[in-house]
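Here is a short briefing to read alongside the coordinates. Have the viewer open, and let's walk through it together.

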Amino acid sequence: MMQALFNYQFLQNAVIGGIFASIVCGMIGVIIVEKKLVMMSGGIAHTAYGGVGLGYLMGFEPIIGAFLFAVLAALGIGAISKHTRSGADVVIGLFWSMGMALGILFIALMPGYPPDLSSYLFGNILSVTRSELLMMFLITLLVSIAVIAFFNHWKVFLFDQEFAGILGIKIAWLDNILLILIAMTVVALIRVVGIILVIALLTAPAAIAAMFTTNLAKRMTSAALLGIFFCLFGIYLSYQLNIASGAAIVLLSGCTYFLLYLLKRIRAKKSLGRAGSGKNL
Amino acid sequence: MTKTAIHVEDLSVIYDQTVALEGVCLDVEEGEYLGIIGPNGGGKTTFLKALLGLTKISSGKIEIFGQCGQPFKAPLGYVPQFSGLNKAFPMTVEEVVLTGFISSAVKPFFKYSKAQKEAVKDFLQKVGMLNLAGRQIGSLSGGEFQRMLIARALAVRPKILFLDEPTASVDARSREDIYQLLKELNKEMTIILVTHDLLAISSHVGRLACLNSKLVYHGEPQLNEKIVTQLYGCPVDLIAHGVPHRVLKDHEGGCC
């Protein structure tokens, strides 16, 4: 594998892309998990499919279309759900399915044979191009700057939005920035694990990190490192076993989460039992 | 001469087509300790949020120390209902209190000063939580969590402290500790307390407002059966045996 990594550019692209995606995933994933925005992220990711379809139909880079749709979906879901009685749930559901429907419609309107969209739906990190890599780098840079530079304000906003508002912090502004950051992260992850599997990579590393660290900054760093491990090991498995890379990465991260969760439960039960028997003595 | 801290004139708040508050008029003097009671859905929290500028008002006027319109110059402290907060959020007690010093302008690479970090200890001392400064908030009891939120509100150095049901889900001893703390704080600031706790109303607050969409009563904190019946919309007995409490009468088509 190491020899192949030096020989093949597609493998180098995959490794670099995986690292970029994991960094944004670590930072934004923790925010998504703490702010309970997992379904919102799923909605944004699936709406992006409409942009992929539009890109193919209009003849521009599908990932640019995905980016535009993701940002519009993020802002749209955020704005509409604030003004409806049904709340975010219904709006997310509608954006989710309408985005997918638009993607299907745009592809159907294309003349000739439809393109293979499985790499957008399920990801294929091994086929990441240099231009996509450049976009992932820019997204990683922007998201990292936005999170690190305003870290203390994010912390106040994430813990208690109302309190931040009373202090005079422009929470609507932060809200919109956060939604755009989520949209950008989703786009960075589309080529890695695909639209359908994006939620797993956003949540699993963050949830695993939450099991071991109680500090927000450390949690983000740990989630990013875990993401890098899952991506690189997933690429390795994909290369060695000739299986889909997106599925390998997602299954690896999901299984690790459940395994660690189980171990934690068993450990907690054991220590509870020990405490109980101590009392009986 | 005491100043008017809060002046509310003909305040109405309507969500979609639901009237949460209707024509509320109320004045609060500087240094006053006002308790607000009312049934669930009676508009207590909405009233508090309207005063703090967190809820858009439909009509009427709110003045804080003579100033009308946001943002208010007078620093306002707020202790929210803690059920609405994420108790598992990865922060320590010290970090939460420190957030009271955050700058309102979202500047890049904002850092808290050493003096602010030192001041946090004073506020924690004031609420009796200095020994818990490094604790994760997820491991706090209900009473400790509330006292931490009060310390955070104090970091703003508020002229008015607003509290939304600070004794909900708190044991009896912690409840009494919180009331004693508020009594002390009232020497330095105006306090507006929203509560369901009728004991607090009788024993601790200086003035009382009863809200059920409209302002049913505003005056001395002496509840009688007539006021409570009017407020809750059904017959209620008030029995005082040193510790006042209430018993709901059996009645047809029960309410409350």
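Why does K44(B) count as buried? The reason is that K44(B) has 24 C-beta neighbours inside 10 Å; a residue is buried if 20 or more other C-beta atoms lie within 10 Å of its own, exposed if 12 or fewer, and partly exposed in between, with C-beta atoms placed from the backbone.

This is a predicted model, in which local features need pLDDT of at least 70 and side-chain atom pairs count only at pLDDT 80 or more, while totals for chains, interfaces and linings use all residues. Residues are numbered from 1 along each chain as its sequence is written, and chains are lettered from A and ligands numbered from 1 in the order in which they are written.

**Around K44(B)**
- K44(B) sits in helix 1 of chain B, which covers residues 44-52; helices (H or I, at least four residues) and strands (E, at least two) are DSSP runs, numbered from the N terminus.
- Apart from neighbours within four places in sequence, the contacts of K44(B) are I36(B), G38(B), V194(B) and L211(B), where two residues are in contact if their C-beta atoms, placed from the backbone, lie within 7 Å.
- D164(B) is 120 residues away from K44(B) along the chain, yet their C-alpha atoms are separated by 8.5 Å.

**The six-stranded sheet of chain B**
- Chain B has an open sheet of six strands in the order 6-7-8-3-9-10, with mixed pairing; two strands pair if DSSP finds at least two bridges between them.
- At its edges lie strand 6 (76-79) and strand 10 (214-219) of chain B, each of which pairs on one side only.
- From one strand to the next, the twist averages 15°; axes are lines fitted to C-alpha atoms, for helices over the stretch in contact, and angles run from 0 to 180 degrees between N-to-C directions.
- Helix 1 of chain B packs on this sheet and touches strand 3 (33-37), strand 6, strand 7, strand 8 and strand 9 (207-212) of chain B. The direction of helix 1 makes about 150° with that of strand 7 of chain B.

**Strand 7 of chain B and its partners**
- Strand 7 (residues 160-164) and strand 8 (residues 190-194) of chain B are parallel partners over five bridges.
- Within that pairing, I160(B) has T190(B) as its bridge partner, and F162(B) has I192(B).
- Strand 6 of chain B also pairs with strand 7 in the parallel sense, over four bridges; here V79(B) stands opposite L163(B).
- Strand 7, helix 5 (residues 172-185) and strand 8 of chain B form a right-handed β-α-β unit. A crossover is right-handed if, with the strands pointing away from the viewer, the path from the first strand over the helix to the second runs clockwise.
- In a regular strand the side chains alternate between the two faces of the sheet. Both faces of strand 7 of chain B are covered, with I160(B), F162(B) and D164(B) buried on one side and L161(B) and L163(B) buried on the other.

**Two positive phi angles**
- Most residues other than glycine have a negative phi.
- E165(B) is not a glycine but has a positive phi of about 45°. It lies in the loop between strand 7 and helix 5 of chain B, and E165(B) counts as buried because 21 other C-beta atoms lie within 10 Å.
- D10(B), in strand 1 (residues 4-15) of chain B, is not a glycine either and has a positive phi of about 50°. D10(B) counts as exposed because it has 11 C-beta neighbours inside 10 Å.

**Chain A as a whole**
- Chain A contains 13 helices and zero strands.
- The C-alpha trace of chain A spans about 80 × 55 × 35 Å along its principal axes.
- For 281 residues a compact globule would have a radius of gyration near 19 Å, and the 20 Å of chain A agrees; the radius is taken over C-alpha atoms, and the globule rule is 2.2 Å times the number of residues to the power 0.38.
- Of the 281 residues of chain A, 48% count as buried.
- Looking at chain A contacts between residues at least 6 apart in sequence, 74% join residues at least 24 apart.

**Where the chains meet**
- At the interface, 22 residues of chain A are in contact with 22 residues of chain B.
- On the chain A side, helix 8 (151-159), helix 9 (161-166) and helix 12 (216-241) each supply at least two residues, and helix 8 gives the largest share, five residues.
- That side of chain A divides into nine nonpolar, six polar and seven charged residues. Ala, Val, Leu, Ile, Met, Phe, Trp, Tyr, Cys and Pro count as nonpolar, Asp, Glu, Lys and Arg as charged, and the others, Gly among them, as polar.
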